[in-house]
Amino acid sequence: MNWMHILFMCEIYVILSLSANLVSGYTGLLSFANAAFYGLGAYVTTLVMKNFGFNYFPSLLIAITFNVLISFIITFFSSRLKDLYFTLATLAFQVVVFSVLYNWEKVTGGSYGISEIPGVNILGYGLNGTKDYAILGGFFAAIVISFFYFFQRTPFVRLLECIRDRELGAVSLGKNISYYKFICNSVAAAFIAIAGSLFAVYNSYIDATSFTLNESILIVNMILIGGTGNLIGPVFGACFYVMLPELTRMIPIDSTQGASLQMIIYSLILILVVRFKPNGLFGKFKFQ
Amino acid sequence: MSFQILVYSITSALLLSLVAIGFNLIFNATKVFHLAHGAMYVSAVYAMYEFNRLFKQTLPDWISVALSIILSLLLLSVLIVVIEYLVYRPLYRKKVNSAISLISSLGVYMLVVNLLTFFFGNESISLNNNFKIVVSNDYFKLTEIELLQSIICIVLISVVILFSKTKFYTHIRAITDNYQVAEKFGVNVQRTRIIALIAGTVLVGIAGIMKGYEIAIEPNVGLTIVLTASVAVIIGGVNSLKGTILACFAIALIENYSVKFLSAQWKDLLTYTLLIGVLVFYKQGLISVKQRIETR
């Protein structure tokens, strides 16, 4: 068992689930488009690094900018649509982005993906090995976690909670709701771009099948099981879901059956959590 | 060539409308965005396949097929009632919002599909596809199964449209409007929900079996089909069965004719872009019933 690899995946999914939590847990909009932004982040970083020969950090900045621009679409959805319809629109957006990544062969390589992605080079020191990437991922994860740690103490969050719990109340206090949703969506998209770029440079190969609807469902699973609207819930959910395949791997069955067994466990947990503990294990807020 | 596309669009639109009508009934009666509908579509094919394999050795061919169809539809009905009791009814009692019921329906979908792949493997299965071509001329070809599909679909759709004139359908509409008031006026909400679920599931099961006779089905196709059907339901207006059927025809025509201009791999993109467009600009659907502004 490769512990450094597991640690790295935990860090990526912590970033992803915390960003998803910012949209879902604080503004109450359940989005299925997270894997789309994850994929866009990975692809934009890769394409900029390979085609323009940029270093990792400038490409990451470009990916973040690109994701923030694309997240305007989600903001546009959120200003016009409510719960079920918003979720559906993001689901459709996810499928559209996947379809573009998978079929636009000239740019994204289609089903062959992009290989030989250059590694990260920090001031002349080229990262190699899982351990180095785990440290880089830990650095970014620490930034994201501390951002949310301090973010929770700001009055801004209480306003977001107000929007989530009673939108009409927030409107009647004279708050511009679209503006706050816009900020949440952009910040989440920016953080997800970081996760995507980490994934790309770590694997040095990406293809569109890593960013399917199932990935989005997994991220939503993570924030639902841990509980939304706080810090510990998404972190717990991310670590739990990264660890779980390592446990099911111990059961002696062949790999396709193992994959379905994993999905069976995921979906059972999802159904049971929604049924018996709708606010998750640590959550304060439940979707009602 | 283009006439062939028209014929093919019509048959696929008829099949799609069975799925979409079932979805519409369930969505109106239970307010659950029933993604597990796609799982029902696939499990119908698997049940049919297994039953038919079981009976084929001992019984004559047509009895075996008929018996398997009846038994698989029965099995699906039992399955949907179990799902209703274990998952949907508790959520209905808790009065959760529609996004949460969407998630639990997604959970049910993933559970059923992965149970299927766990036990029967990931390969696609086909019921039987050596059908003769009945009509063949310069303009188009029509196989036996396509003809059979169209006839059965037209019969079932007419039955559903007749059914929509009955009192039971009025109950469904009452529940859609406001289930608490409907309950006060003596509508048995639980029973109506179960009947609507069973009716929708039987429709989707028949559609699945007929598609399984035409092409090979693999466990993961269900989600695309149910999402396409839901696009049709939303485009046609949630309250209108006729709108749903019209929208099915529109979608099938767009999807199949787009193959002439774009390659087939962009079909998904087109359908979902259509969904986004409709959600953002015509959330009420193209054909809609007048509603109070605050209930929209």
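This is a predicted model: local features need pLDDT of at least 70, side-chain atom pairs count only at pLDDT 80 or more; totals for chains, interfaces and linings use all residues.
**The interface between the chains**

Chain B places 39 residues in contact with 41 residues of chain A. Between the two chains an area of about 3800 Å² is buried, and carbon and sulfur atoms give 79% of it. On the chain B side, Ile103(B), Met110(B) and Phe118(B) lose the most area to chain A, together 16% of what that side buries. The number of salt bridges between chain B and chain A is zero.

The table sets out the geometry of one pair in each chain.

| Pair | Residues | Axes | Angle |
|---|---|---|---|
| H9(B) and H10(B) | 222-236 and 241-261 | within 8 Å | roughly 125° |
| H10(A) and H12(A) | 213-226 and 255-276 | 10 Å apart | about 40° |

H9(B) contributes Thr228(B), Val231(B), Ala232(B), Val233(B), Ile235(B) and Gly236(B) to the contact, while H10(B) contributes Gly243(B), Thr244(B), Ala247(B), Cys248(B), Ile251(B) and Glu255(B). These residues comprise seven nonpolar, four polar and one charged.

In chain A, H10(A) and H12(A) are likewise oblique to each other. The crossing of H10(A) and H12(A) is left-handed. Here Leu218(A), Asn221(A), Leu224(A) and Ile225(A) of H10(A) meet Tyr266(A), Ile269(A), Leu270(A), Val273(A) and Val274(A) of H12(A). Eight residues of this contact are nonpolar, one is polar and none is charged.

Conventions: Residues are numbered from 1 along each chain as its sequence is written. Chains are lettered from A and ligands numbered from 1 in the order in which they are written. Side-chain values use heavy atoms; hydrogens and water are left out. Axes are lines fitted to C-alpha atoms, for helices over the stretch in contact, and angles run from 0 to 180 degrees between N-to-C directions. Helices (H or I, at least four residues) and strands (E, at least two) are DSSP runs, numbered from the N terminus. Contact means heavy atoms within 4.5 Å. Ala, Val, Leu, Ile, Met, Phe, Trp, Tyr, Cys and Pro count as nonpolar, Asp, Glu, Lys and Arg as charged, and the others, Gly among them, as polar. Buried area is the accessible area (1.4 Å probe) that two parts lose on being put together, summed over both. A salt bridge is a side-chain nitrogen of Lys or Arg within 4 Å of a carboxyl oxygen of Asp or Glu. Angles under 35 degrees count as roughly parallel, over 145 as roughly antiparallel, 65 to 115 as roughly perpendicular and the rest as oblique. A crossing is left-handed if the near helix is turned anticlockwise from the far one by less than a right angle, and right-handed if clockwise.
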